[in-house]
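Trainee: I have a model open and would like to learn how to read it. Could we go through it feature by feature?

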Amino acid sequence: MKNKQIIIGSILCMIASMSWGAMFPVAHIALQQIDPFYFSFLRYFFVTVILCGLLWVKEGFSAFRLEGRGRALVFFGTMAFTVYNMGVFLGQHLMGEAGTIAASIMEVLMPMISILLLSVTTKKMPPSYALTSIAIALAGALLVITNGSLAFFAKASEQLFPLLLIFAGVIGWVIYSIGGGRFSSWSTLRYSTLTCLLGTAVSFVVVAIASLFQWIPVPTWESVVSIKYEMAFMVLLPGLAALLSWNAGIKALTPLNGILYINLVPITTFILMSFQGYEISMFEFYGTLLVIFALIRNNHFQRKQLGYARNRKKEHSIPVTRLLE
């Protein structure tokens, strides 16, 4: 990885993570007016329309060809745009006000889950510096959200089912992030568009069946209009901009290194809450510093490893005649 590639990838992952951190407080407002399943479907329906337009203009109609990889695209699209969104927002809604923080804090489990999945699939453990950075970032994020009190976990145990829904959603997004590596020859826009298109199609089927059997209420036009500003935000920033930034950042950094930035999600949620009058404690302040330290530390070791790899390459490229001098 080149230094410029690392910097750009880091910025993109930060943009995506901070956007998602902002979406939970906004989603909490919208979920008071509309069912979580319809909220999830409508959000990415609009994102899909925009992405399809961008892909058609930039790469042409040929970019919509699945090239025999339809099953993989449907699977990864379902994991991200059906399992993640419906699981997370339904869990958040069921938990009420506490769901905003709970949904955010569950995001920090992504690096740990990605390590387990990558270790199983590649049969290779990640670098020790990545493991340490993830542990530090996780500790910092937990310190921020819990405010140094174990009472949070006692309360969370009473909300097991909603937490399991959120956890399932988080696993879905990790799988989607790792799956992008199988489409490295495709542009970020193409992978994002096709997975979003197919995943949203699956969401439509889920919503249609649930509505047909009256498992979920069909929103009225008035209820949809009442959340127009929240929906516009969710579509443009945490939806469109964050999706493209995340896939591009993950492609630049690799899933293991890029997913570390997901720890900024709960931090961003917490900062937004502080602007609403929430007082920052010392636990929360130092927890935020830990997350920032972990991200800087991981980036430092990435560059150090890159420099070592370059030196090794130069050594092996020295002509044999010079080695014999």
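Mentor: We start with the whole chain and then move to single features.
This is a predicted model, so local features need pLDDT of at least 70 and side-chain atom pairs count only at pLDDT 80 or more, while totals for chains, interfaces and linings use all residues. Residues are numbered from 1 along each chain as its sequence is written, and side-chain values use heavy atoms, with hydrogens and water left out.

Trainee: How many helices and strands does the protein have?

Mentor: Helices (H or I, at least four residues) and strands (E, at least two) are DSSP runs, numbered from the N terminus. Here there are 15 helices and 0 strands.

Trainee: What share of the residues counts as buried?

Mentor: Buried means under 20% relative accessible area, exposed over 50%, and partly exposed in between (1.4 Å probe, protein chains only). Of the 325 residues in this protein, 50% are buried.

Trainee: And what share of the contacts links residues 24 or more positions apart?

Mentor: Contact means heavy atoms within 4.5 Å. Take the contacts with a separation of 6 or more: residues 24 or more positions apart account for 88% of them.

Trainee: Now salt bridges. Which side chains meet in one?

Mentor: The rule is a side-chain nitrogen of Lys or Arg within 4 Å of a carboxyl oxygen of Asp or Glu. The structure holds 1 salt bridge. Its partners are glutamate 67 and arginine 190, at 3.0 Å from N to O. Glutamate 67 is in the loop between α2 (36–59) and α3 (70–95), and arginine 190 is in helix α9 (residues 188–212), so the pair ties together parts 123 residues apart in sequence.

Trainee: Which residues have a positive phi although they are not glycines?

Mentor: Glutamate 67 is one of them, with a phi of about 55 degrees. Glutamine 214 has a positive phi too, about 60 degrees. Glutamine 214 sits in the loop between α9 and α10 (221–226). It is exposed, with a relative accessible area of 72%.

Trainee: Next, helix packing. At what angle do α2 and α3 cross?

Mentor: Axes are lines fitted to C-alpha atoms, for helices over the stretch in contact, and angles run from 0 to 180 degrees between N-to-C directions. The α2 and α3 axes come within 8 Å and cross at roughly 140 degrees. Angles under 35 degrees count as roughly parallel, over 145 as roughly antiparallel, 65 to 115 as roughly perpendicular and the rest as oblique. The two helices are therefore oblique to each other.

Trainee: Is the crossing of α2 and α3 left-handed or right-handed?

Mentor: A crossing is left-handed if the near helix is turned anticlockwise from the far one by less than a right angle, and right-handed if clockwise. The crossing of α2 and α3 is right-handed.

Trainee: Which residues meet there?

Mentor: From α2, the list includes Phe37, Phe39, Arg43 and Tyr44. From α3, Phe81, Met86, Phe89 and His93 are among them. The α2–α3 contact has 8 nonpolar, 3 polar and 1 charged residues. For these classes, Ala, Val, Leu, Ile, Met, Phe, Trp, Tyr, Cys and Pro count as nonpolar, Asp, Glu, Lys and Arg as charged, and the others, Gly among them, as polar.

Trainee: How do α1 and α3 pack?

Mentor: Helix α1 (residues 3–30) packs on α3 at an angle of about 65 degrees, with the axes 10 Å apart. Their crossing is right-handed. Met23, Phe24, Ala27 and His28 in α1 meet Tyr84, Val88, Phe89 and Gln92 in α3. By class, that contact has 6 nonpolar, 2 polar and no charged residues.

Trainee: One last residue. Where is proline 238?

Mentor: Proline 238 lies in helix α11 (residues 228–253). It is buried, at 0% relative accessibility. Beyond its neighbours within four places in sequence, the contacts of proline 238 include Trp20, Met23, Arg43 and Tyr44.
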